[in-house]
Amino acid sequence: MFRTLAKATAAIAVVCTAAGAGLALDEGRAGAATPTAGAATRTAAFTGSDFTGTRKIRVDGHSVNVSCAGRAHRGRPLVMLMAGGGEGLDNMAALQKSLSRTNRVCSYDRLGEGASDQPAAGTLQTMDDTGALLTGVLDRLAGDRPVVLAGHSLGGYIAARYAPGHTDRVKGLVLLDATIPHLTRDMNRTVPADATGVPAQVRDGAIAVNEGQNPEQFVIADGPVRSAGHIPVEILKHESQYAEVPEYGPALEKMWAGGQREWQRISTRSSLTTAKGSGHYIHTDRPDLALKAVQKVAHRAAHQH
């Protein structure tokens with residue numbers, strides 16, 4: 001999450017992590033290429049090395065920190081883990097280790113996060129930028145293999161925005177309490193302008209992050225959910241996170257749940273589950289459910305026709 005805005009309450013933490021999403025963009029452009037050109041690029045860029053551990057790779061002139069584990073199996077997708085805003089790839093290290101027993105799994109730090117380069121000073125990133133970076137990372141780590149994207153919070157939002165324009169490569173999604181598609185609109189509807197105290201901090205913190213006040217300098221705007229066709233999608237939402245927000249806790253929970261239902265429109269094969277006993281960090285609070293969801297999607301991606 002974006003830690004600099006997450007200190008007031010756990011509820012603010014959800015919003016600040018979640019707020020790193022929602023760009024209105026030309027989604028067909030975000031790191032996309034025609035299938036023929038994309039395949040040629042992947043073949044040329046793919047390292048071909050199933051390394052284990054952490055290393056730096058160059059993507060479009062940037063140094064990007066990546067980590068991989070597990071063996072590649074014929075016909076099985078590469079699982080790419082995508083952490084929330086303000087989090088380095090180490091935040092999902094435990095899930096990566098568990099998955100690596102049966103899957104080839106990697107993770108990476110977006111610009112401004114972890115050990116990757118910082119965005120250019122004084123510039124703001126858009127979804128086109130982060131999508132192009134993801135395409136470059138996948139070119140290096142996946143080559144022509146199919147890919148399953150599994151993202152938490154902001155990472156889930158980016159995965160969900162990226163997949164519809166890249167169905168030649170992305171064959172499955174796992175969204176772990178992903179940032180909701182219309183966070184700014186829904187936050188303003190849920191917490192009124194005259195609210196004070198913690199509720200106002202939650203609302204104002206989300207808006208500040210949306211405007212690019214976050215480690216990735218990522219500008220956020222609401223946007224509709226686009227279809228990725230029939231790929232398997234598992235969506236997990238937290239059970240409780242806003243209990244400490246006076247007066248508006250139940251309304252904020254309803255807002256978040258509604259946003260998770262919106263994500264179901266991304267595929268005709270999407271499923272939404274509440275992770276019992278979890279807060280926003282589902283992969284930490286209920287690692288069993290996160291692991292099961294990724295394994296399920298990876299299996300389906302490997303066997304879909």
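Select Arg104 and Asp50 in this predicted model, and you will find their side chains meeting in a salt bridge, with 3.8 Å from N to O. Arg104 belongs to strand S4 (residues 104-108), while Asp50 sits in the loop between helix H2 (35-45) and strand S1 (53-59), so the pair ties together parts that are 54 residues apart in sequence. Arg104 counts as buried because its relative accessibility is 4%, whereas Asp50, at 38%, counts as partly exposed.

Shown together, Asp50, Arg104 and Arg145 are linked in a network of salt bridges.

Next, select Arg169 and Asp139, where another salt bridge joins the side chains at 2.9 Å, N to O. Arg169 lies in the loop between helix H5 (154-162) and strand S6 (170-176), and Asp139 in helix H4, so parts 30 residues apart in sequence are tied together here. Arg169 is buried at 2% relative accessibility, and Asp139 is buried at 8%.

Finally, move to Gln217, in the loop between helix H7 (197-210) and strand S7 (232-238). The side chain of Gln217 reaches the backbone oxygen of Thr123 at 2.5 Å and that of Ala120 at 3.2 Å.

Terms used
Residues are numbered from 1 along each chain as its sequence is written. This is a predicted model: local features need pLDDT of at least 70, side-chain atom pairs count only at pLDDT 80 or more; totals for chains, interfaces and linings use all residues. Side-chain values use heavy atoms; hydrogens and water are left out. Helices (H or I, at least four residues) and strands (E, at least two) are DSSP runs, numbered from the N terminus. A polar contact is a pair of N or O atoms within 3.5 Å; within protein, one must be able to donate a hydrogen and the other to accept it, and residues adjacent in sequence count only if both atoms are side-chain atoms. A salt bridge is a side-chain nitrogen of Lys or Arg within 4 Å of a carboxyl oxygen of Asp or Glu. Buried means under 20% relative accessible area, exposed over 50%, partly exposed in between (1.4 Å probe, protein chains only).
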